[in-house]
Amino acid sequence: MKEIILENVCRSYRVPVKEKSFAGYLFRRRYRLLEAVKDISFSIGAGETVGLVGPNGAGKSTTIKMLTGVLTPDSGTVRVFGRDPFAERKENARQIGVLFGQRSQLWWDLPAEDTFQVLKRVYKIPEEIYRNNLEKYAEILGAEEFLKQPVRQLSLGQRMRAELLAILLHDPRILFLDEPTIGLDVAVKKQIRSLLRAINRETGATILLTSHDMKDIDSVCGRMIVIDKGTLAVDDTVENVKRRYGTKETVEIEVEDGQAAAQGPVLPAEAKCTVEGNRIRCSYDSEALSSAQVIRTVMEQYRVLDVKVKEADIDDVVEEIYRKG
């Protein structure tokens, strides 16, 4: 069963044009249309875990907002559980959980537990289910110790864990997560990824996740939808997308002072090299070269102090998708 359906969806915004004169700004305001989403179509079945990825301004958040009933499309069809998410947003809201990484639904001056009590009444959650979910997810997220503190006193990592707990209290069938790990440290990111996998495995909840952190997508999602400049570029499994497009790697090598000449080391033709001070940065296609080959070649020519290998991130994947057409 398809729980989420988008068919030929478009959405534009009116953006003011900057005027050269102050009088023009006051009396002759002009606007241009910015196409945030252009003719996007895809569907997501029950229990799927899908990563919606792309660079900043690609249309990810606009797509999430249309699916959650915050925005309406200019044209096309959006359906969640067979409903129009804007026209029937009250019915829809009871079955979805929504987390925007840069927005908060917690009351700033109150403890998170007080907001949870409000949500319990809003969603009409039975007492037993509320208590079970609160205790279970608080333990998994390590949140018991700070739920009685005012939200304004929490660190970013603590607040994001409380935000995630808040959207799980009513057992939503779909989770819409827009940058849920933004700005978090590695340990908290791991906790959130582990929780999302467990929720999908134990409850069968559908997850639609946007992120710039490829590890979020790798860890949680089985499928990846890539959009850029409002258009759908790729819709495939995560493994297939990585295999086809995520082959660009970079090795950053620190050598002894005074060794790194401006032209850099002699490398195979498949690698490109830049030099900044005593750091040598080599970019290459991992299908043609391995990091071990690149590092070994540089070590034959320089005295190496440190080595860092960087795999392709989301921006690299999107760039490679469009480079290959």
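# A tour from helices H6 and H7

Start with H6 and H7, which are roughly parallel to each other, because an angle under 35 degrees counts as such. The model on screen is a predicted one. Select residues 186-203 to show H7; its axis comes within 10 Å of the axis of H6, and the two cross at roughly 10°. Now display the side chains where the helices meet. On H6, the contact is made by Gly 157, Arg 161, Leu 164 and Leu 168. On H7, the partners are Val 188, Gln 191, Ile 192, Leu 195 and Ile 199.

Stay on Leu 164. Which residues does Leu 164 touch, not counting those up to four places away in sequence? They are Leu 99, Leu 141, Leu 177, Ile 192 and Leu 195. Two of these names, Ile 192 and Leu 195, belong to the H7 side of the helix contact.

Next, look at the largest nonpolar core, which has 50 residues. Leu 164 is among those with the most contacts inside this core, together with Phe 116, Leu 147, Leu 165 and Leu 177. H6 supplies the largest share of the core, seven residues. Another core, of 24 residues, lies apart from it; select Ile 44, Val 50, Ile 64 and Phe 100 to see some of its members.

Go back to H6, residues 156-168, and pick Glu 163. Is Glu 163 buried or exposed? Its relative accessibility is 1%, so Glu 163 counts as buried, the cut-off being under 20%. Leaving aside neighbours within four places in sequence, Glu 163 is in contact with Leu 99, Arg 103, Ser 104, Gln 105 and Leu 106. Leu 99 is also touched by Leu 164.

Move to helix H2 by selecting residues 60-67. Six of its eight residues are buried, so H2 is largely enclosed by the rest of the structure. The buried ones are Lys 60, Thr 62, Thr 63, Ile 64, Met 66 and Leu 67. Ile 64 is also listed in the core of 24 residues. After H2 comes Gly 69, whose phi is positive, near 85°.

Finish with the rings. How many aromatic pairs does the structure hold? The count is zero. Rings do meet charged side chains, however. Select Arg 14 and Tyr 31: Arg 14 lies over the face of Tyr 31, at 3.9 Å from the ring centre. Then select Arg 89 and Phe 86, where the charged end of Arg 89 sits over the ring of Phe 86, 4.6 Å from its centre.

Conventions:
Residues numbered from 1 in each chain as written. Predicted model: local features only at pLDDT ≥ 70, side-chain atom pairs only at ≥ 80, totals over all residues. Heavy atoms only, no water. Buried < 20%, exposed > 50% of the residue type's maximum accessible area, 1.4 Å probe, protein only. Helix = DSSP H or I, 4+ residues; strand = E, 2+ residues; numbered from the N terminus. Contact = heavy atoms within 4.5 Å. Phe/Tyr/Trp six-rings, centres within 6.5 Å; stacked < 30°, edge-to-face > 60°. Lys NZ or Arg CZ within 6 Å of the ring centre and 35° of its normal. Core = buried A, V, L, I, M, F, W, Y, C linked by side-chain atoms within 4.5 Å. Axes fitted to C-alpha atoms, helices over the stretch in contact; angles between N-to-C directions. Parallel < 35°, antiparallel > 145°, perpendicular 65-115°, else oblique.
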